[in-house]
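Please look at the sequence and the structure below together, and keep both at hand while you read. The paragraphs that follow go from one part of the fold to the next.

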Amino acid sequence: MGRADIPGPRGARETLGALRGLTSDPCPTLDALVARHGATFAVGGGPLTMAVVGDPAHLAPLLAMSTDTFKWGHRFNVLGFIVGPGSMIVSDGDDHRRRRGATQPGFARRRLDGWMPLIVAATDRLIDETLLATSRPVDLYPHGRTLVRRIVVHVLFGDALGERADELGAILEPAMTYGVQPALRQLPHPLPYTRRAHAREALRAADRIIYEEIERRLRPRADEQSDVLDTLITSGLLKSEIRDQTITLIAAGYDTTASGFAWMVLRAAREPAIWAKLRAEADTVFADDVDASTLRRLTYAEAVVRESLRLHPPGVFSPRQAERAVQLGDFPVKKGTMILWSPYVSGRLPDVWKDPLEFRPARFLDADPRQQAAIDGAWLPFGRGPRACIGFALAQMELTLALARLAQRVDISFTRRAVPRPVGMIVNRPEGGIPATVTRRT
Ligand code: HEM
């Protein structure tokens, strides 16, 4: 960005402070920088300029631009180690279009509708086997991760590997926890006995399972499945590309959705009026069999999910590098600039959201057309445009159904009252997890 034209911290001390804050404790740092410089600002200078974009007037053109304007396979994208060089998430240009295009039909609406019963059943299993199996407080954060993992593995691999979701999850765990560390902790090295070495071994073990399943499906067989892996296998991608998209979908949909789950349960269950409304709606909707209409009828639960993702988007910002100079409103962005666009910033702007720090799901239900247009421009937890989240409909469906089912079946009381701080760089989660006592509804 032309540093003369864009606000932001000046001088070495302020700049280093901002960089340190953004890379170690991004949410409060963003709050402070936005209050001082506005919702779009730049940090650093020359080839090391970073532009944080949170103003909806800049986000709209940014997210609509052709993908060839930016690069995702840039030097700070350390994800390639986990997801593989053939993953759509680290690809650009035609490679990206081909890989994303091959995966997209796996998430068609018709498919999604068919997954609803399995999501409700997975939530019931968590409630019955885990949450109600003890009267002691439990930490809902790891249990949310288990739920999300079971669902995503089932959706990707169908019944065959769905049964092995916990095994596959346990195998992959060292790789997933490694992958959500700050980029600086993920610098490549070949040293044994390190977290990177454990992650590498975990990926090799998961690869064996995935390649075995790919080979099994390439042989003539009776059990035609309509899961995402079958979509990938019939897409014409190379076997290594199929593996890379598979790991990508597990990795991209895992900690993100688990973080969304944690914040959502925390926010909804601490407000008795919200929990009661969720319960009343769920009682009506789940009185009928779960089918394609179920999600559409859970309008209040959907608003709660949207409100939670507004205040706590799992990805505080998403990076892309400018491949050429672009203009965002009045701001010229130079080629090479790292752009961090932020749904966290746009989700808390007082000129879009009345009382932005208040948790008020009804804002998604009672907006007039003018407010609705502002909401549409600023509610961006899944991004928008050609690089938007490929799993957004699945994630929203998982969160909405799981929330409604929990509200219908259990009461949750938290062992602490305050809303925890967010921790985690790539994906944020509540500090200290969400310790809670879960009991059958009274
Ligand atoms: C609450 C949960 C989730 C959130 C908040 C979320 C958010 C995002 C965001 C912000 C992006 C990047 C957009 C950009 O760079 O401009 C993204 C990309 C992506 N997400 Fe999600 N995501 C979630 C769940 C999922 C799930 C469940 C899946 C798959 C099963 C998934 C798969 C992907 C993939 C493959 C991409 C890369 C798309 C591309 O490069 O074209 N995500 N997601």
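Which residue in strand 12 does Val138 stand opposite? Before the answer, a word on the model is needed: it is predicted, so local features need pLDDT of at least 70 and side-chain atom pairs count only at pLDDT 80 or more, while totals for chains, interfaces and linings use all residues. Residues are numbered from 1 along each chain as its sequence is written. Val138 stands opposite Ala436 in strand 12.

That pair belongs to strand 4 (residues 138–139) and strand 12 (residues 435–440), which pair in the antiparallel sense over two bridges. Here helices (H or I, at least four residues) and strands (E, at least two) are DSSP runs numbered from the N terminus, and two strands pair if DSSP finds at least two bridges between them. In general, strands of a sheet pair through backbone hydrogen bonds, either parallel or antiparallel. Strand 12 also pairs with strand 9 (residues 410–414), in the antiparallel sense and over five bridges; within this pairing, Phe414 has Ala436 as its bridge partner, and Val410 has Arg440.

Another open sheet has five strands in the order 1-2-8-5-3, with mixed pairing. Its edges are strand 1 (40–43) and strand 3 (70–71), each of which has a single partner strand, so one side of each is left without a neighbour in the sheet. Strand 3 pairs with strand 5 (residues 318–322) in the antiparallel sense over two bridges, and the bridge partner of Lys71 in strand 5 is Gln321. Helix 3 (residues 56–64) lies across strand 1, strand 2 (50–53) and strand 8 (338–341), and runs at about 110° to strand 2. Such angles run from 0 to 180 degrees between N-to-C directions, and axes are lines fitted to C-alpha atoms, for helices over the stretch in contact; two residues are in contact if their C-beta atoms, placed from the backbone, lie within 7 Å.

Turn now to the helices that cross one another. The axes of helix 7 (residues 140–162) and helix 11 come within 8 Å and cross at roughly 140°. The residues of their contact divide into 12 nonpolar, four polar and two charged, where Ala, Val, Leu, Ile, Met, Phe, Trp, Tyr, Cys and Pro count as nonpolar, Asp, Glu, Lys and Arg as charged, and the others, Gly among them, as polar. The axes of helix 14 (residues 299–311) and helix 17 come within 9 Å and cross at roughly 120°. This contact is made by Ala301, Glu302, Val304 and Val305 of helix 14 and Gln396, Leu399, Thr400, Leu403 and Ala404 of helix 17; by class, it has six nonpolar, two polar and one charged residues.

Helix 11 gives the most, with seven residues. Of the 25 residues around the ligand, Ala252, Gly253, Gly383, Cys389 and Gly391 come nearest, a residue being near a molecule if its C-beta atom, placed from the backbone, lies within 6 Å of it. By class, this shell has 14 nonpolar, nine polar and two charged residues.

Finally, consider the chain as a whole. The protein chain has 17 helices and 12 strands. Its radius of gyration is 22 Å, close to the 22 Å that the globule rule gives for 442 residues, so the chain is as compact as a globular protein of that length; the radius is taken over C-alpha atoms, and the rule is 2.2 Å times the number of residues to the power 0.38.
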